[in-house]
Amino acid sequence: MESTARLGLPLLVAGQGQKEITHNEALVLLDAVISCIVERRDLAAPPVEAADGQCWLVPDGASGEWTGRGGQVAISTGGGWRYLQAPDGMSLSVRQNGEQLRRQFGLWQLVAPVGAPAASVALPTGGTTVDSEARAAI
């Protein structure tokens, strides 16, 4: 096994030369995954300019260097694009519009639509009896 089971992070192997390359590659992927924020999820081709560490969720049918990478997280690095096939259960935020997405059953699902009101508990109605024990507990 030369990579981790869930995120595909490269592992060091016995007798390997230049271990720092493998280690640094794993750190780049971890840096992108921990509290993952993607810039957008609707960009069909890689941006012309991207800062190191910026991420995008690649849509299906993307072109250029993103061809065949639909559903993956593309990470911009000084050495080129790195890709992460996110496991089920991974969550991310979209900076462009504030959406929250979660990977479930191999697909990205919208968790929190933009502008969705938070659920609230209705105010109590009716009742005329004062519960002195409950008031004392409060």
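I take strands (E, at least two residues) and helices (H or I, at least four) as DSSP runs numbered from the N terminus, and I call two strands paired if DSSP finds at least two bridges between them.

I am working on a predicted model, where local features need pLDDT of at least 70, side-chain atom pairs count only at pLDDT 80 or more, and totals for chains, interfaces and linings use all residues. Residues are numbered from 1 along each chain as its sequence is written, and side-chain values use heavy atoms, with hydrogens and water left out.

Entry on β3. I looked up the hairpin and found that two residues link β3 to β4. Strand β4 (residues 80-84) pairs with β3 in the antiparallel sense, over five bridges; in this pairing S76 stands opposite W81. Strand β2 (residues 55-57) also runs antiparallel to β3, joined by three bridges, with L57 opposite V73.

Next I checked burial (buried is under 20% relative accessible area, exposed over 50%, partly exposed in between; 1.4 Å probe, protein chains only). In β3 (residues 73-77), five of five residues are buried. V73, I75 and T77 point one way, and A74 and S76 the other.

Entry on the largest pocket. I use a 1 Å grid over the protein atoms alone; a pocket is an open set of points where a 1.4 Å probe fits, with protein on both sides within 12 Å along at least five of seven lines, and lining residues have an atom within 4 Å of a point. The space in the largest pocket is about 180 Å³, a volume being that filled by probe spheres set on the points. Its lining includes R41, L57, D60, R103 and W108. I sorted the lining residues into five nonpolar, three polar and three charged, with Gly counted as polar.
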